[in-house]
Amino acid sequence: MNFVIANPTGLCFGVRRAIEQLELALRENKSVYAAGSPIHNPQEVERLSRLGLKVTPSVAEIPGGTAAFIRAHGLSRGEDAELREKCRKVIDGTCPFVRNVQKKAAELDREGYKVIVLGDFDHPEVKGILGHVDGDALVVKSENCINLRARFGKIGILSQTTQKEADLADLASKLVFLTEELRVYNTICRATVERQESVKKLAENVGAVVVIGGKNSANTRALVEISQSFGLDVKWIESAGELDEGWLRDKNEIGVAAGGSTPDWLVNDLTAKLSRL
Ligand code: SF4
C-alpha cells in the first residue's frame, strides 16, 4: 500500500513532556492520580493505567496524601490549589503554552476586559482557562460567532491552543464591530498550526486520508475536519486494528496524519500494517 505521512505529525511537545513526566512519576510512586484524562488518547491512558495511573472524574475524588499529576491541559486555579493542599506530591504536567493562555486570561480579566475564548465549551483546557478568570467570560465556537449581538466595553480574545487560525481571524473581525476596544492574543499553539498545515499539504496530493488519534482529542478532530474540507475520503481511527482493509482496496495512495496526543507506538502500528498490505 502506498502511503505518505504528514510532516510534522503525531505527539506535540506538551503531550510528549506530560507522558515522560508521568512515566517517571510512575517509576517513583506505586500509583499516581490524575483528575480527568491526563492525555486525550484512550490507548495511551490504558497503557499508563497498567503502570499505576489512576484517573478520577475530578480533583474531589483524589484521595489525600497521594501523588497527583496535573494534565497537559491544566486545571482551574481552585482545582490546582485543592490538589496542592491535599496531596503529598503534585507533578505539574500543564503544557507551558496552556499556562500562557491561563496567564493571559487572568491578565485581561484584571485589566477590565470581557474575556472571550474561542474553543469548545466542554473541553478541559477551556474549563481550566475559565478557572483563571474571576469576572464573566464567554466561550464561543466559530459557527456561533455570528450570534453575538451584545455590545461590550473592552473585549479580550484568546483561543484554546488547538483551534484553527481562520476561526480566530473570523471571530476577531466580527467582534471588532461590537466593542470600543479589542485586544487579541493568538494563543493557538505552533505545534497545532504546523500539524494542520502539514495535513493541508498532504491533502493536495492524495485521494484519501487516515487520521489516527483519540476521539476525545480536539486537535485530532481539527485534522479530520481539514482533510474533509478538501473533499477527501477520510477515516478517523484510534488504533490500526480499526482500519478496514476493504476500505483501502480501491485507494492508490493514502495520506496518514496523527493528532498531537497520539503516541508514537500507535502511529508505528498503523504504518507497519499499511506496509504489510
Ligand atoms: S498542542 Fe500545543 S499547547 Fe497543546 S499540549 Fe501540545 S504543545 Fe502544548
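**Note on a predicted model: sheet, domains and salt bridges**

1. Strands E4 (residues 67-70) and E5 run parallel and are joined by 4 bridges. Helices (H or I, at least four residues) and strands (E, at least two) are DSSP runs, numbered from the N terminus, and two strands count as paired if DSSP finds at least two bridges between them. One of these bridges pairs alanine 68 with valine 90 of E5.

2. Residues are numbered from 1 along each chain as its sequence is written, and side-chain values use heavy atoms, with hydrogens and water left out.

3. E4 and E5 belong to an open sheet of 4 strands in the order E3-E2-E4-E5, with parallel pairing. Strand E3 (53-56) and strand E5 (89-92) stand at the edges; each has a single partner strand, so one side of each is left without a neighbour in the sheet. From one strand to the next, the twist averages 30°.

4. Which strands does helix H1 touch as it packs on the sheet? Helix H1 (residues 13-28) touches strand E2 (32-35), E3, E4 and E5, where contact means heavy atoms within 4.5 Å. The direction of H1 makes about 155° with that of E5. Axes here are lines fitted to C-alpha atoms, for helices over the stretch in contact, and angles run from 0 to 180 degrees between N-to-C directions. Helix H3 (residues 77-86) lies across E4 and E5 and runs at about 160° to E4.

5. Threonine 56 is found in edge strand E3. At 10% relative accessibility, threonine 56 counts as buried; the classes are buried under 20% relative accessible area, exposed over 50%, and partly exposed in between (1.4 Å probe, protein chains only). Not counting residues up to four places away in sequence, threonine 56 touches Tyr33, Ala34, Ala35, Gly36, Glu61 and Ile62. Threonine 56 and glycine 214 are 158 residues apart in sequence and 19 Å apart in space, C-alpha to C-alpha.

6. The protein chain is divided into domain 1 (2-10 + 191-276), domain 2 (13-95) and domain 3 (97-188); these bounds come from an automatic or database domain assignment. The C-alpha centres of domain 1 and domain 2 lie 28 Å apart. In domain 1, 12 residues are in contact with 9 residues of domain 2.

7. The size of an interface is often given as the accessible area lost when the parts come together. Domain 1 and domain 2 bury about 900 Å² between them, 48% of it on carbon and sulfur atoms; buried area is the accessible area (1.4 Å probe) that two parts lose on being put together, summed over both. Asn216, Ser261 and Trp265 supply 47% of the area that domain 1 buries against domain 2, more than any other three residues.

8. How many salt bridges does the rule find across the interface of domain 1 and domain 2? The rule finds 1, a salt bridge being a side-chain nitrogen of Lys or Arg within 4 Å of a carboxyl oxygen of Asp or Glu. The structure holds 19 salt bridges. Among them is the pair of arginine 16 and aspartate 264, whose closest N and O atoms are 3.1 Å apart.

9. Asp80, Arg84, Asp92 and Arg99 are linked in a network of salt bridges. Within this group, arginine 84 and aspartate 80 have their closest N and O atoms 2.6 Å apart. Both lie in helix H3, 4 residues apart, about one turn of the helix. Arginine 84 is partly exposed at 41% relative accessibility, whereas aspartate 80 is buried at 17%. Arginine 99 forms a salt bridge with aspartate 92, again with closest N and O atoms 2.6 Å apart. Arginine 99 is partly exposed, at 23%, and aspartate 92 is partly exposed, at 22%.

10. Aspartate 233 forms a salt bridge with lysine 251, the closest N and O atoms being 3.4 Å apart. Aspartate 233 lies in strand E11 (residues 233-237) and lysine 251 in the loop between helix H9 (245-248) and strand E12 (253-258), so the pair ties together parts that are 18 residues apart in sequence. Aspartate 233 is partly exposed, with a relative accessible area of 35%, but lysine 251 is buried, at 16%.

11. Finally, the peptide bond from asparagine 7 to proline 8 is cis, with omega near 5°. Proline 8 is found in the loop between strand E1 (2-5) and H1.

Definitions and conventions. This is a predicted model: local features need pLDDT of at least 70, side-chain atom pairs count only at pLDDT 80 or more; totals for chains, interfaces and linings use all residues.
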